[in-house]
Amino acid sequence: MYETPGLELLSTIIYVILIFASVILSVMGSMIILSFLTRRKIDVKEEIAYNQNIGIALVLSSFIWTIGRMCLESAKPIMNEWYNTWASGITFKSALTFAAGILGALLNALIIGAITVYLALKILMILIKDIDEWEEIKQGNIAVAIVISITVVVVGMFFESIVSYIVINIFRF
Amino acid sequence: MDKVKTPIILVSTAKDIILTFLVCVFILCLVNINGSKENQSRLFWDFSGDNIKTSSPEPKQEKQIVRKFKWRYPKETKRETVFRIPETALKSEIKKFGVPHGQSHPFFLKKRGFKLLGKRTFMKDHIPQEQYTSIVDYQQIFQRNQENFKELTRCLIASADLSREKDPLHAFLSFVQYIRYKLPPRYYKGKFINSFFVPLVCLYEKYGDCDSKALLMAEFLCSVPGAGEKAVIVLVRGRGLAHALLAVKRKLLPGMTTLFDIKKGYYIILETSKPGWAPGFISRRVTDAIKAGFFYLVALN
């Protein structure tokens with residue numbers, strides 16, 4: 001069996017960093033997107049921590065799930081590129097390009113996640129015109145929160161397959 | 001008339017004898033002037049009947065077919081590999097694989113590089129008929145070609161500038177990925193080949209499909225001296241996919257897609273169809289099909 005000194009350790013470190021970055025990005029991104037979508041009418045932290053609003057928690061969880069899945073979908077193409085870079089021999093330039101690629105890929109996941117969430121909510125709001133969803137959720141209407149969460153998750157499932165293809169093209173570019 | 005002819009014949013015979021004598025003298029002179037003792041002996045050896053074997057002309061050099069391949073490894077470095085495929089080996093491979101039209105007897109199929117999977121009985125014009133389902137016998141073809149690929153692998157290693165300690169997996173994969181992807185015809189040189197090129201023909205034609213390229217990759221990998229590679233062909237059938245991949249026994253690294261055999265350990269999957277995929281990485285669609293269990297393994301060694 002051939003020895004690849006350093007590759008295993010470095011690959012593990014990069015993979016762990018990627019997973020941590022995905023978690024942080026999905027949680028932070030979801031909170032920002034939620035407060036943007038509610039036009040800052042809802043203070044997410046206050047609603048969850050003090051008011052124990054399950055509706056807000058459900059919607060936030062669905063956002064985290066969707067964006068998290070997008071980020072994890074980016075991890076494989078990033079690792080693919082990492083092994084190709086390793087085979088080429090690591091130089092300062094290639095390391096810098098790879099780091100920029102990682103940032104681009106994660107940002108891409110965040111943007112697609114945000115678009116997915118926005119699209120899902122827009123579709124729902126067009127279908128149910130009479131209800132102000134955010135107001136209902138703020139008042140503790142769990143039924144509305146469940147419908148919104150599931151719509152976001154399902155639309156996210158359709159969109160997550162395209163993320164990896166976009167990431168592969170980001171690295172080729 | 002006869003009296004006149006005889007002296008003419010005698011004169012011509014004498015001429016011939018003198019001419020032959022002169023030629024012999026000339027040859028001997030040449031030997032004495034230019035040749036050392038060794039050369040003289042060699043010349044005499046050459047003409048003597050006892051040593052015909054030692055001085056017989058060298059056997060004719062085997063005809064070779066030259067094929068050039070342009071590829072990249074790593075990433076931006078352009079490379080060119082020139083293979084010299086022995087014509088006899090190529091012809092023998094073409095001869096050994098594939099069945100003539102209409103020949104579907106199991107014995108014949110087995111002999112010509114196919115493996116029987118089963119038998120299907122169906123009715124045609126109220127008469128029961130049998131049809132055999134078969135796949136390419138990858139193992140048989142792989143083992144038969146090992147000897148042919150030793151020199152070709154040496155050639156590939158030299159063109160990729162690989163050292164003895166370095167794992168050739170990535171370089172070989174890159175080479176095979178750069179071979180044009182095109183589905184081979186169902187019939188080749190008048191024989192049914194089930195759209196599969198044997199490795200030598202794949203190099204000769206400079207194109208191949210997923211299973212042709214996967215087996216070619218296996219031949220290269222397993223022909224590396226002292227490598228002791230373990231390889232399997234992964235046939236993916238299901239979810240609208242019909243694809244073939246190669247899997248080799250390697251250490252699992254983060255992010256890689258692998259298959260685990262309880263007896264043999266981890267196999268990492270290699271995508272040979274198009275460039276860009278590192279060892280252990282395949283498209284999402286294929287991963288999903290494998291995860292769902294729509295695959296079949298063919299052990300090569």
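The model is a predicted one, in which local features need pLDDT of at least 70 and side-chain atom pairs count only at pLDDT 80 or more, while totals for chains, interfaces and linings use all residues. Residues are numbered from 1 along each chain as its sequence is written, and chains are lettered from A and ligands numbered from 1 in the order in which they are written.

**Chain A**

The secondary structure of chain A amounts to 6 helices and 0 strands, where helices (H or I, at least four residues) and strands (E, at least two) are DSSP runs numbered from the N terminus. Its C-alpha trace spans about 65 × 30 × 30 Å along the principal axes. Of the 173 residues in chain A, 39% count as buried, a residue being buried if 20 or more other C-beta atoms, placed from the backbone, lie within 10 Å of its own. Among contacts in chain A with a separation of 6 or more, 84% come from residues 24 or more positions apart; two residues are in contact if their C-beta atoms, placed from the backbone, lie within 7 Å.

Helix α1 (residues 7-37) of chain A packs with helix α4 (residues 92-127) of chain A at an angle of about 35°, and their axes are 10 Å apart. These axes are lines fitted to C-alpha atoms over the stretch in contact, with angles running from 0 to 180 degrees between N-to-C directions. To this contact α1(A) contributes A21(A), L25(A), G29(A), I33(A) and L37(A), and α4(A) contributes L106(A), L110(A), G113(A), A114(A), V117(A) and L121(A). By class, the contact of α1(A) with α4(A) has 9 nonpolar, 2 polar and no charged residues; Ala, Val, Leu, Ile, Met, Phe, Trp, Tyr, Cys and Pro count as nonpolar, Asp, Glu, Lys and Arg as charged, and the others, Gly among them, as polar.

**Strands of chain B**

| Strands | Bridges | Direction | Residues opposite each other |
|---|---|---|---|
| β10(B) (residues 231-238) and β11(B) (residues 241-249) | 8 bridges | antiparallel | L235(B) and A244(B) |
| β11(B) and β13(B) (residues 265-270) | 4 bridges | antiparallel | A247(B) and I269(B) |

The hairpin of β10(B) and β11(B) has 2 residues between the strands, and in it R239(B) takes a positive phi near 55°.

**Contact of the chains**

The contact draws 18 residues from chain A and 12 residues from chain B. The side of chain B that touches chain A has 7 nonpolar, 2 polar and 3 charged residues.

Technical notes: Two strands pair if DSSP finds at least two bridges between them. A residue is buried if 20 or more other C-beta atoms lie within 10 Å of its own, exposed if 12 or fewer, and partly exposed in between; C-beta atoms are placed from the backbone.
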